[in-house]
Amino acid sequence: MSSTAHPTQLVDRFGRQITYVRLSVTDRCDLRCVYCMSEDMTFVPREQLLTLEEIARLGKAFVALGVHKLRITGGEPLVRRNILKLFEDLGQLEGLRDLTVTTNGTQLTRYAKDLKAAGVTRVNISLDTLDAERFHKLTRLGDINKVLAGIDAALEAGFQRVKLNAVVLKHRNHDEVVDLVNFAHQRGMDISFIEEMPLGVIGDHDRAEAYYSSDEILRDLRGTMALHEVEDNTGGPARYFRRGHTDSRVGFISPHSHNFCDTCNRVRVTAEGRLLLCLGQEHSMDLRRVLRANPGDDAKLREALLASMALKPKGHDFDLQAQPVIFRHMSATGG
Ligand SMILES: Nc1nc2c(ncn2[C@@H]2O[C@H](COP(=O)(O)OP(=O)(O)OP(=O)(O)O)[C@@H](O)[C@H]2O)c(=O)[nH]1
Ligand SMILES: C[S@@+](CC[C@H](N)C(=O)[O-])C[C@H]1O[C@@H](n2cnc3c(N)ncnc32)[C@H](O)[C@@H]1O
Ligand code: SF4
Ligand code: SF4
């Protein structure tokens, strides 16, 4: 029997193999970042969320189809009750090379050690500013000291890598890029800068006005440090630059200025079990229905995952002037 009759890997119509899945475990969060959420969010009722067992079942099915990197995200993944159990289950999966989490860091003093013990390899922590007042404004209610303590806890726990993520907004934090890089590199962390994406209606924040491109950031950084581009690939969308002769890196996630859709290797699942084939499009499949209609029958789940590859679009159509292009908030999409 030919391999096309019984495909064992997830390959889309454009020949891109899916090896990376982002699983959102909640759309809730203890912060309200201005670019991510509106102030008065309505969250998904708890009974509509996938259970942790269902998420683990999905993770297992993806890994059996050649996925080797899982990233747990949200919302804030570490506010979901009993979340450690999920990490422990996923950490056991044979064939999984990278079990990762993206977090705002507020709960890491409580969880860092246990995440490491469960098999988490790398942690990405979001931090857009080093200034307490600015942090409070950008997150609408956050205390930066909790996040700084969380970063220390993650560094002490001994993960392969801890990375910072910063969304850069003109006139809000663009003047801090050098300080953020120095903060990260002094502690042995990489840092990635993210261009804001037009996901969801978020109130009075003007995305077009706040746009600050990766090239502008790179120019600002090169005023004070040597950075040269390297081919490093974490399986994620960032382009990396190495600082001088050190191992410290700066990454750029630039959906607007350096579109990376041609080499897309990922899909994501929302907390309700909707498989989104692209962050910037609406193409999706209801995996919760498949999971619940076929308890204990992973063959059907596998068929559905393979069939979903026909739905994956070529790329996004982000346009910062036409706000919003996608009505889902980033927190509901799974970062
Ligand atoms: N447009 C687009 N942006 C993405 C995609 N995946 C991740 N991003 C953006 O990159 C941000 C940071 O992603 P992370 O959660 O740190 O994951 P990652 O970049 O894969 O992390 P590494 O494993 O460290 O490479 C996300 O919050 C998104 O803003 C994608 O498929 N498309
Ligand atoms: C949605 S959050 C989920 C995980 C966790 N709560 C956190 O903040 O790291 C994942 C990442 O998405 C980024 N993000 C949120 N909204 C965004 C937007 N509109 N454009 C670009 N990145 C965004 C955040 O800065 C964060 O690094
Ligand atoms: S970016 Fe993360 S921390 Fe900020 S509101 Fe969104 S989900 Fe919460
Ligand atoms: S925007 Fe869509 S196609 Fe482009 S990299 Fe992200 S998920 Fe892949």
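Guide: A contact means heavy atoms within 4.5 Å. By that criterion, residues 24 or more positions apart account for 72% of the contacts in the protein chain with a separation of 6 or more. This is a predicted model, in which local features need pLDDT of at least 70, side-chain atom pairs count only at pLDDT 80 or more, and totals for chains, interfaces and linings use all residues. Residues are numbered from 1 along each chain, ligands are numbered from 1 in the order in which they are written, and side-chain values use heavy atoms, without hydrogens and water.

Visitor: Why is the protein chain called as compact as a globular protein of that length?

Guide: The protein chain has 11 helices and 12 strands, counted as DSSP runs (H or I, at least four residues; E, at least two). Its radius of gyration, 19 Å, is close to the 20 Å that the globule rule gives for 335 residues, so the description applies. The radius is taken over C-alpha atoms, and the rule is 2.2 Å times the number of residues to the power 0.38.

Visitor: What share of the residues of the protein chain count as buried?

Guide: Buried means under 20% relative accessible area (1.4 Å probe, protein chains only); 56% of the 335 residues count as such.

Visitor: How do the residues of the shell around ligand 4 divide?

Guide: They divide into five nonpolar, two polar and four charged. Asp, Glu, Lys and Arg count as charged, Ala, Val, Leu, Ile, Met, Phe, Trp, Tyr, Cys and Pro as nonpolar, and the others as polar. Among the residues surrounding ligand 4 are Arg-266, Arg-268, Lys-312 and Lys-314, each with a heavy atom within 4 Å.

Notes
Buried < 20%, exposed > 50% of the residue type's maximum accessible area, 1.4 Å probe, protein only.
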